[in-house]
Amino acid sequence: MRPVEMPVLSTADAVETGHAGMGGWIDPADITDAALRPVAEKVAAGQRLNFDDGMALWNSRDIFTIGALANSVRQSMHGRTAYYNINRHINYTNICALSCKFCEFQRKRGEAGAYEYDLEHIYRIAGEVDAAGATEVHIVGGLHPWLPFAWYLEMLSGIKKRYPRLHLKCFTAIEIDHFSRISKLSVREVLEALREHGLGSMPGGGAEVFDDRVHDAVFKGKLRSDGWMRVHRTAHELGIKTNATILYGHVETRAQRVEHLLKLRELQDDAPGFQCIIPLSFIPDGSELGHLPGNTGLEDMKMLAISRLMLPNFPHVKAFWIMQSMKLSQVSLNFGVDDLDGTVVWYDITKREGGSGNKHQEQTVEDIRRLIVEAGYIPVERDTLYRRVIRNGGNWQVME
Ligand code: V47
């Protein structure tokens, strides 16, 4: 991981550009697609959108109006701020008891390409991350068939003991459910134990698409939507912040995407604790669904914008550039996105173009800030809990 250097561009550069991209309130009378006018009126009035509104957005080709609507919400929540973080992803094993069709990452033990990191290796990576000045490690992996729950606890406490300032954002709901089964503890007890050993928050992976038919076609054997939501609800009840995802662009319908977002909105109303939604653009290469075409750029922009519009109770919409590409992530800042993840460094689960090779996928802070400024926004480094980071090279502290 490259050490963090002082950024070349500052907030003043963004202010000097004098524009904040699209946004501002839109006069419904100016909208050419008549089907979007009632949606625009609701957005302007701060009313929640329903299923039909979500479908009207999907069925419209008026991409600029959709972007401007999403951006009006984004601007009212975050103004011209665009967040990013300095992190590293660690995927501790690709050995997985499941065989989801969409996943090119998973391997069986002994199969070519299967790997598992030992604890010393993980501590070494965490040491590099800490020395480089990152604020977060994001740790997820396959459902390893033999590792005991104690191994995961030791991993967390071992990192925390050595590098106490690193935030540990770890384990999807699928892994938490797996730990519950191997340890014979309840989900609540598992989360409490993980927190005692250093867990800071949970990522949003594993949600895929909340539809049992799609689930059985593509992720059979994986935790179903009710189980995913139970884990996140329990985490929120315990005060553990989490994120949410949707994996789009495989066999699901657009209606199922809207339903997925509505289920997330409902859960956030009932048991608040989600920090952001991360729409993950399906990358077919190398998976059993490799014959599918993948999403187009406009589909990606619509998914991000519609997520912003359907989820007003989610503070942030994050573009994970690994999925949407860096260039589209920059464009997405004008389609409702306010947050970019992150420096990443190494990501084993997917890679756009040349996925089977080296998974070193790193962005520098300079490049992230440059693309934010060029889009007309003010780059703000955040920590995992969205507190502002005050940085001097590798030294940093958060503003409470
Ligand atoms: O759960 C797997 C997805 C997820 C593919 O919470 C794929 O801050 C596209 O959840 N094409 C892991 N996606 C990534 C994830 C995430 C990433 C960044 C930030 C956060 C956060 C969460 O990736 C998996 C799965 O849904 N995935 N295979 C694929 N071929």
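Helices and strands are DSSP runs numbered from the N terminus, a helix having at least four residues and a strand at least two. The model shown in these views is predicted.

Figure 1. The C-alpha trace spans about 60 × 50 × 40 Å along its principal axes. For 400 residues, a compact globule would have a radius of gyration near 21 Å, and the value of 20 Å for the chain agrees with this. Buried residues make up 50% of the 400 residues. Among contacts with a separation of 6 or more, 78% are between residues 24 or more positions apart.

Figure 2. Contacts between them involve 25 residues of domain 1 and 25 residues of domain 2. On the side of domain 1 that touches domain 2, two or more residues each come from helix 1 (11-17), helix 3 (51-59) and helix 4 (63-78). Helix 4 gives the most to this side, with nine residues.

**Figure 3. Six strands form an open sheet in the order 6-7-8-9-1-12.** The pairing in this sheet is parallel. Strand 6 and strand 12 (378-381) stand at the edges; each has a single partner strand, so one side of each lacks a neighbour in the sheet. On average, neighbouring strands of this sheet are turned by 30° against each other, direction ignored. Within the sheet, three bridges pair strand 8 (residues 316-320) with strand 9 (residues 339-341) in the parallel sense. Here Phe 320 stands opposite Asp 341 of strand 9. Helix 15 (residues 365-374) packs on the sheet and touches strand 1 (81-85), strand 9 and strand 12. The direction of helix 15 makes about 145° with that of strand 12.

**Figure 4. Strand 6 (residues 242-248) is mostly covered.** Seven of the seven residues of strand 6 are buried. In a regular strand, side chains alternate between the two faces of the sheet. One side of strand 6 carries Thr 242, Ala 244, Ile 246 and Tyr 248, the other Asn 243, Thr 245 and Leu 247, and all of these are buried. Strand 6 runs parallel to strand 7 (residues 274-281), and six bridges join the two. Tyr 248 has Ser 281 of strand 7 as its bridge partner. From strand 6 the chain passes through helix 11 (residues 254-270) to strand 7, in a β-α-β crossover that is right-handed. Helix 11 lies across strand 6 and strand 7, and runs at about 170° to strand 6.

**Figure 5. Four strands form an open sheet in the order 2-3-4-5.** The pairing is parallel. Strand 2 (87-91) and strand 5 (199-201) are the edge strands, and each pairs on one side only. Neighbouring strands of this sheet are turned by 40° against each other on average, direction ignored. Strand 3 (residues 136-140) and strand 4 (residues 167-170) run parallel, joined by four bridges. Ile 139 stands opposite Cys 170 in strand 4.

**Figure 6. Leu 289 lies in the loop between strand 7 and helix 12 (297-310).** A residue counts as buried if 20 or more other C-beta atoms lie within 10 Å of its own. Leu 289 has 21 of them within 10 Å and is therefore buried. Apart from neighbours within four places in sequence, Leu 289 is in contact with Lys 101, Phe 102, His 250 and Pro 284. The C-alpha atoms of Leu 289 and Glu 175 are 23 Å from each other, and the two residues are 114 residues apart along the chain.

Figure 7. Most residues other than glycine have a negative phi, and most peptide bonds are trans. The peptide bond from Asp 341 to Gly 342 is cis, with omega near 5°. Gly 342 is placed in the loop between strand 9 and strand 10 (344-346). Ser 325, in the loop between helix 13 (321-324) and helix 14 (326-332), has a positive phi, near 80°. With 17 other C-beta atoms within 10 Å, Ser 325 is partly exposed. Tyr 386, in the loop between strand 12 and strand 13 (389-392), also has a positive phi, near 65°. Tyr 386 has 16 C-beta neighbours inside 10 Å and so counts as partly exposed.

Notes
Residues are numbered from 1 along each chain as its sequence is written. This is a predicted model: local features need pLDDT of at least 70, side-chain atom pairs count only at pLDDT 80 or more; totals for chains, interfaces and linings use all residues. The radius of gyration is taken over C-alpha atoms; the globule rule is 2.2 Å times the number of residues to the power 0.38. A residue is buried if 20 or more other C-beta atoms lie within 10 Å of its own, exposed if 12 or fewer, and partly exposed in between; C-beta atoms are placed from the backbone. Two residues are in contact if their C-beta atoms, placed from the backbone, lie within 7 Å. Two strands pair if DSSP finds at least two bridges between them. A crossover is right-handed if, with the strands pointing away from the viewer, the path from the first strand over the helix to the second runs clockwise. Axes are lines fitted to C-alpha atoms, for helices over the stretch in contact, and angles run from 0 to 180 degrees between N-to-C directions.
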